[in-house]
Amino acid sequence: MLAMRTRINRPAAATLVAGLVVSAGLAALPALAATQLTGAGSSFVYPFFSKAFYVYSQAHADVTVNYQSIGSGGGIQQFTAKTVDFGASDVPMNSDELKRAGGAVVQVPVALGGIAVTYNLPVTVPGGLKLTREAIVDIYLGKISRWNDPALEKLNPRAGLPNLPIVSVHRSDGSGTTYIFTDFLSSVSKEWKDKVGTGKSVQWPGSNTVGGKGNEGVAGQVRQTTGGIGYVELAYAMENKLSTAQLENKAGKWVFCTASTVHAAASTKPNVSATDFSIVDRSEANAYPISGYTWAFVYENPTDKARAKLVRDVLTWVTGNDAQKIAASLNYVALPETVQDTAKKALAEVKV
Amino acid sequence: MIADSRLAPRRRLGGTAGILLTGFCSALAAGLLIVILGYVAIQGWGAINPAFVTQLPHPVGVPDGGVGNGIVGTIIIVAIAAVIAVPIGVLTGLYLAVYGRGLSAELIRFLAEVLSGVPSIAIGLFAYTICVKPFAHFSAFSASFAFAVLMLPLMIRTSEEAIRGVPTSIREGALALGLPDYGGVVHVVLPAARPLIVTGLLLAIARVTGETAPLLFTAFGSQFWELNPANPMAVLALQIFTYAISPYDDWHRQAWGGALLLILAVLVLNVGARLALGRHGKKS
């Protein structure tokens, strides 16, 4: 009987042993010859970074960059814990976060993108739904709660807006996108600024509001909810073919979220910096009102100079024209020339 | 029939309703599983091809690409986790089944039970705190450590039960034939308990293979072939997570393909465990 059992389980035991031997053998192999740099943070910038670093490695056989999208907050945290060579976030590190970093930090703008307001209605609105800045504030405050509200009907007289409750969708996780969106709402409305404020996550005031995790979560909620409205980064709206609203900007002009309107907003602030970075609600005629930069972080006085130099070279390339063309092909907006210069100057401060 | 006619109609009705309700809920549970499996299979089938299981991930806009490195990474990480968890789990089970008495044994059992209830994300954070942060470096090994901790309670419980299931008479027989105590345990009791222990191991592996939460801050993920456990490594579950939350159709397709692969792997492990268990049951 014992012999029988032994025979039955020999294959299983053999498989296990073989697996262990193989994995031990693999473990003993030397690491790949190229230096592997690691970065983490913003999920918004991940598709751009993964493509850009792939292209970079093909031209530079000695360097590979492993960037993982763990969210902006996580990026700041891991950068501070020094577990990664660089971090990335859709909002620059604030003074508290900089204090915790335990060393001077160089913050570099690496990508530019717009945030679209998307909606889900049973009727097709010809030319896209029109929303004023105030209407968006009132919807998220819960003051406009039905689609056939007179304020919305006045803006969209021929749309035949249905008598449906509005479900506003927001991000449930801490997010740079939320920061940019609430920054916009705060700059439009004093009431929003006093009651809710600006942040990576805020206390959403409306009664008919739901959360979604990540851009994908918000896009999914809007798609599933008839009467839903939400804010997602342009790439998500475009790739998921969501209906996006036309917004009235500060200059009173109707604009869609496109590369040119986001670029127009960015052009109004050529000297963007980590302490003065907001480009929402600009008064330029063609400016789209909700957009912002993604920032990368490196230490000014890195301990491992050789690695830091490689990181600096990679980021210098990322903020240059070749890489920014890749960004533009993925529904981001190429960094304006002046911002590219700012990035290069910032990177030159890194002491390697 | 006679018994039936004596029952009050109300009781009969209640009985029938109860059976219908339990039957309905069972059908619902089974149906839900089948729907999930079917849906993943339909969505994921199209993504699976030789390139998908052998190639490296490609960035957006570069056609093809796969999750080959994630499959290899998953195997390496789970194998190392098993190497850590098996000896500790089996020896603890042995202690509890054969030698452990009184308070200490109860305490160990209780702690193992508590450990099995700790959320996997908390274990991932623990692994991050002691395996990643001090070295300022993400690594596949830290993920293996987290997985080993997740596997341990299951290994301890199944080992203890497996060893307890070996009749004392067999061990006494070994002693009677002149084997020393350790000889009886090593050459007689453990081999007899092995089928159940292997079953437990397979179930423990199935349990951790689909885990994503503990990987976020340990294995970290990678776009490259990585075989060194001291470095960040790609893992299938993590790739599915990243792809699923991306905006791109192509990545969504690959996420479904990866999910299907994972489900198939876990299914094979579970069926394997069931078979090992079934044969064991028949023979003894």
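This briefing describes selected features of the structure shown above. The structure is a predicted model. Chain B has eleven helices and zero strands, whereas strands β5, β10 and β11 of chain A form an open sheet. The second largest pocket has a lining to which elements of chain A and helix α10 of chain B contribute.

**Overall form of chain B**

- Chain B consists of 284 residues, of which 45% are buried.
- From the N terminus on, the elements of chain B run α-α-α-α-α-α-α-α-α-α-α.
- The radius of gyration of chain B is 24 Å, while a compact globule of 284 residues would have one near 19 Å.
- The C-alpha trace of chain B spans about 70 × 65 × 35 Å along its principal axes.
- Among the contacts in chain B with a separation of 6 or more, 73% join residues 24 or more positions apart.

**A three-stranded sheet in chain A**

- The strand order in this open sheet of chain A is β5-β10-β11, and the pairing is mixed.
- Strands β5 (130–131) and β11 (254–255) of chain A each have a single partner strand, so one side of each is left without a neighbour in the sheet.
- Strand β10 of chain A covers residues 246–248 and pairs with β11(A) in the antiparallel sense, over two bridges.
- L247(A) has V255(A), in β11(A), as its bridge partner.
- In general, the strands of a sheet pair through backbone hydrogen bonds, in either a parallel or an antiparallel sense.

**The second largest pocket**

- The second largest pocket holds about 560 Å³ of space.
- Its lining comprises 37 residues, and the closest to the centre of the pocket are S69(A), I70(A), G71(A), D173(A) and K213(A).
- In chain A, at least two lining residues come from each of α2 (46–59), β2 (63–69), α3 (72–80), α7 (176–188) and α9 (214–224).
- Helix α10 (236–244) of chain B likewise supplies at least two residues of this lining.
- By class, the lining of the second largest pocket has 14 nonpolar, 16 polar and seven charged residues.

**Enclosed cavities**

- There are two cavities of 30 Å³ or more.
- The largest cavity has a volume of about 80 Å³.
- Of the 13 residues lining the largest cavity, I180(A), F277(A), S278(A), G292(A) and Y293(A) are the closest to its centre.
- Helix α7 and strand β12 (291–299) of chain A each give two or more residues to the lining of the largest cavity, and the largest share, four residues, comes from β12(A).
- Eight nonpolar, three polar and two charged residues make up the lining of the largest cavity.
- The second largest cavity contains about 30 Å³ of space.
- The lining of the second largest cavity is formed by F44(A), D90(A), G113(A), I115(A), I180(A), E233(A), G292(A) and T294(A).
- Strands β4 (105–119) and β12 of chain A each provide at least two residues of the lining of the second largest cavity.
- The lining of the second largest cavity divides into three nonpolar, three polar and two charged residues.

- Q78(A) is found in helix α3 of chain A, and counts as buried because its relative accessibility of 3% falls under the 20% cut-off.
- Beyond its neighbours within four places in sequence, Q78(A) is in contact with I70(A), T83(A) and V84(A) of chain A, and with Y128(B), F138(B) and F217(B) of chain B.
- Q78(A) and R171(A) are 93 residues apart in sequence, and their C-alpha atoms are 22 Å apart in space.
- S142(B) lies in helix α7 of chain B, which covers residues 140–164.
- With a relative accessible area of 0%, S142(B) is buried.
- Not counting residues up to four places away in sequence, S142(B) touches A127(B), C131(B), V132(B), T218(B) and A219(B).

**Residues with a positive phi**

- N331(A) is not a glycine, yet has a positive phi of about 70°.
- N331(A) is placed in the loop between α13 (321–329) and α14 (337–348) of chain A.
- F220(B), also not a glycine, has a positive phi of about 75°.
- F220(B) is placed in the loop between α9 (181–209) and α10 of chain B, and is buried, with a relative accessible area of 2%.

Methods. Residues are numbered from 1 along each chain as its sequence is written. Chains are lettered from A and ligands numbered from 1 in the order in which they are written. This is a predicted model: local features need pLDDT of at least 70, side-chain atom pairs count only at pLDDT 80 or more; totals for chains, interfaces and linings use all residues. Side-chain values use heavy atoms; hydrogens and water are left out. Buried means under 20% relative accessible area, exposed over 50%, partly exposed in between (1.4 Å probe, protein chains only). Contact means heavy atoms within 4.5 Å. On a 1 Å grid over the protein atoms alone, a cavity is a set of points where a 1.4 Å probe fits but cannot get out, and a pocket is an open set with protein on both sides within 12 Å along at least five of seven lines; lining residues have an atom within 4 Å of a point. Grid points are joined across faces, edges and corners, and a volume is the space filled by probe spheres set on the points. Ala, Val, Leu, Ile, Met, Phe, Trp, Tyr, Cys and Pro count as nonpolar, Asp, Glu, Lys and Arg as charged, and the others, Gly among them, as polar. Two strands pair if DSSP finds at least two bridges between them. The radius of gyration is taken over C-alpha atoms; the globule rule is 2.2 Å times the number of residues to the power 0.38.
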